[in-house]
Amino acid sequence: MRRPEYYNEKVVRLALIMAREKVKQCLEGRDVSSICSVVRELYDSVPRVSWLERGLARYALRTVHQVSQGVWRVDGIPALGDKHASYFVTFRDGRYECTCFSHTYGYSRRARICTHIAAVMLARRQVKITEYRPEGGGSEG
Ligand SMILES: [Zn+2]
């Protein structure tokens, strides 16, 4: 089986550079695309630029896969230091948990929230946006 592109370090580095630029544009208000409204919303909850950048890179590399209601598989990216091939993020009662043992209680506490969760938060909100604006949806199945 062909290894996915996020196993390629060059691809991951490029995705991080693009995510960094995107987050910067979003937070400076220079970009009004739907993903930017999502980025700004997340920044209001978790004001950590590097967390957003890594989460966005994971999301852009298409490592987030919904498994069932409230459960996502996030493929590990070796170049980002992931030791496992995949992580599972669950969202229940307003709380995220990841199998890398990171968690958040509605992000009111300043708990450490991993970037797997950031990627899922982006994916969830982006799905919501494309539901309202179907023309913004891609050809993804
Ligand atoms: Zn995690």
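Read along the sequence, this predicted model follows the pattern α-α-α-β-β-β-β-β-α. Residue numbers start from 1 along each chain as its sequence is written, and side-chain values use heavy atoms, without hydrogens or water. Local features need pLDDT of at least 70, side-chain atom pairs count only at pLDDT 80 or more, and totals for chains, interfaces and linings use all residues.

**Exercise 1. State how many helices and strands the protein has.**

Solution. Apply the DSSP runs: helices are H or I with at least four residues, strands are E with at least two, numbered from the N terminus. The protein has four helices and five strands.

**Exercise 2. Identify the donors of the zinc ion and their spacing.**

Solution. Take N, O and S atoms within 2.8 Å of the metal (3.2 Å for Na, K and Ca); water is not among the atoms, so sites may look incomplete. The donors are Cys-98 (SG), Cys-100 (SG), Cys-114 (SG) and His-116 (ND1), at 2.1 to 2.3 Å. Their spacing in sequence is C-x1-C-x13-C-x1-H.

**Exercise 3. Classify the geometry at the zinc ion.**

Solution. Four donors count as tetrahedral if all angles lie between 85 and 135 degrees. Around the zinc ion the angles are 107 to 113 degrees, so the arrangement is tetrahedral. The ideal angle for four tetrahedral donors is 109.5 degrees.

**Exercise 4. Decide whether Cys-98 and Cys-100 are buried or partly exposed.**

Solution. Buried means under 20% relative accessible area, exposed over 50%, partly exposed in between (1.4 Å probe, protein chains only). Cys-98 has 6%, so Cys-98 is buried. Cys-100 has 23%, so Cys-100 is partly exposed. Across the protein, 38% of the 141 residues are buried.

Terms used:
Tetrahedral: all angles 85-135°; square planar, octahedral: opposite > 155°, others 65-115°.
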